[in-house]
Amino acid sequence: MKLGLVSLGCPKNLVDSETMLGLIHEQQITITNDPADADLIIVNTCGFIESAKEESINTILQMGAYKNTGSCKYLIITGCLGQRYAEELLDNIPEADAVIGTECYEDIAYVIQRVIQGERFIMLESRKKPEMASTAAPRILTTPDYMAYLKIAEGCDNCCSYCIIPKLRGPYVSRPFEQLLSEAKALVAKGVKELIVVAQDTTRYGEDLYGKLRLPELLSELNKLEGLKWIRVMYCYPNNFTDDLIEAFANLEKVCKYVDLPLQHASDRLLGSMNRYDTKAEVEALLSKLRKRIPGITIRTTFIVGFPGETEADFQELKAFVKAQRFDNAGVFAYSQEEGTVAATLPEQIAEQVKEERFHELMALQAQISEELHQEMEEQILEVLVEGRDEENPELAFGRSYREAPDIDGSIFIENAGAVQAGAFIKVKILQGFTYEMVGERI
């Protein structure tokens with residue numbers, strides 16, 4: 001039997017997909033990248049916002065079509081959309097043979113067995129009790145061999161009013177400290193040079209399991225791993241960005257001076273309505289401290305425009321905040337009214353046209369700032385992780401420095417790169433800065 005898997009959504013979902021692939025491989029099932037050649041297809045879905053749901057549905061339908069045009073006999077839907085809309089998916093997509101939820105990744109071999117036996121079913125709870133869960137499920141990495149994600153926790157307790165994640169993924173559960181170190185050592189032994197630490201909220205790591213925040217300690221231990229070059233930390237919430245964590249970023253040489261800090265807005269009234277834990281003044285104080293303690297720091301963030309009740313004054317306050325803080329990179333999202341969230345029931349929902357206008361206006365402002373900051377990088381020398389060659393011009397390599405996260409930020413294009421291979425680290429002098437990319441030459 002051949003199996004194909006499509007993974008949608010965030011890096012945390014990708015880790016779940018890699019875990020399923022590892023467990024499937026143990027069952028002597030062949031894994032293929034060609035869905036037309038697969039006897040069984042799994043779609044690991046995202047259900048975070050409307051656009052992600054649409055992508056998931058379209059992908060499920062595309063994969064289901066292989067039951068008519070390819071070798072596919074079985075289709076399994078997993079992930080957040082499956083957790084959220086299990087009955088609707090099974091009722092409305094006849095090609096689907098099973099829908100399983102976010103607790104059930106480690107049950108995938110059992111699910112496949114039932115599907116092959118002809119059952120059609122929903123499974124939203126794992127057969128394993130938490131204390132019976134495997135200490136470290138196997139993974140088959142789908143990332144380039146020089147990088148891997150390390151998921152340090154599952155679920156979320158923040159309960160932001162616009163977010164469905166706590167209902168899809170459950171409460172925040174940290175993974176055991178020693179288990180993470182063991183997994184990290186195994187990944188580095190396989191040749192991983194960049195570990196990207198992820199969770200719904202990385203800064204909260206350890207609070208539930210140990211009664212204290214242990215991310216600084218975890219980073220310190222990861223920093224000792226021989227062969228590891230970079231440690232990149234994503235999804236850092238400001239309310240738990242402690243002085244100890246700032247010191248870890250400042251002093252641990254393998255921790256990238258890159259902070260991903262989702263802030264969402266600058267209006268205290270809206271931050272309160274979003275059920276965020278920080279005020280604008282507290283965020284400004286943290287940003288000042290980060291920049292003072294960590295020279296050369298890169299800060300990326302995300303904002304939501306068009307949240308219910310956002311006035312023109314609120315939006316102008318956000319724009320002024322962005323102008324003043326000059327973030328290196330920022331993602332902007334037009335608010336998506338998601339059923340099952342507190343924000344979906346709030347009065348003063350904003351018209352779609354207004355959301356779109358504010359989205360484009362803030363994106364244009366951030367694009368200008370990013371380009372100016374990239375131009376300020378000209379003549380500087382950066383260490384760059386080479387990721388590949390430009391398809392149109394193979395003489396041109398591309399890669400990332402500590403300033404860019406994969407699949408989120410831009411790339412650095414490298415002239416005179418020579419015969420360098422993907423996964424190598426080289427010194428690059430920046431020649432030109434653009435909005436999302438920079439161009440440099442190997443030195």
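Trainee: Which residues of helix α6 are buried?

Mentor: An α-helix has 3.6 residues a turn, so residues three or four places apart point the same way. In helix α6 (residues 108-116), the buried residues are Ile108, Val111, Ile112, Arg114 and Val115. Buried means under 20% relative accessible area, exposed over 50%, and partly exposed in between, with a 1.4 Å probe and protein chains only. Helices (H or I, at least four residues) and strands (E, at least two) are DSSP runs, numbered from the N terminus. Seen down the axis of α6, these buried residues fall within an arc of 165 degrees, so they line one face of the helix; the arc is that of the directions from the helix axis to the C-beta atoms.

This is a predicted model, in which local features need pLDDT of at least 70 and side-chain atom pairs count only at pLDDT 80 or more, while totals for chains, interfaces and linings use all residues. Residues are numbered from 1 along each chain as its sequence is written, and side-chain values use heavy atoms, with hydrogens and water left out.

Trainee: What covers the buried residues of α6?

Mentor: The cover includes β1 (2-7), α1 (11-26) and β3 (40-45), where contact means heavy atoms within 4.5 Å.

Trainee: What is the order of the strands in the open sheet of three strands?

Mentor: Strands of a sheet pair through backbone hydrogen bonds, either parallel or antiparallel. Here the order is β7-β10-β11, with parallel pairing; two strands pair if DSSP finds at least two bridges between them. β7 (147-151) and β11 (230-233) stand at the edges, each with a single partner strand, so one side of each has no neighbour in the sheet. Strand β10 (residues 194-198) pairs with β11 over four bridges, and Glu194 stands opposite Trp230 in β11.

Trainee: How many aromatic pairs does the structure hold?

Mentor: A pair of aromatic rings is described by the distance of the centres and the angle of the planes. The structure holds eight aromatic pairs. Rings of Phe, Tyr and Trp (its six-membered ring) pair if their centres lie within 6.5 Å; planes under 30 degrees apart count as stacked, over 60 as edge-to-face and the rest as tilted. One of the pairs is Trp230 with Phe425, edge-to-face at 5.0 Å centre to centre and 85 degrees between the planes. Trp230 lies in strand β11 and Phe425 in strand β18 (residues 425-433), 195 residues apart.

Trainee: Is Trp230 buried or exposed?

Mentor: Trp230 counts as buried, at 7% relative accessibility.
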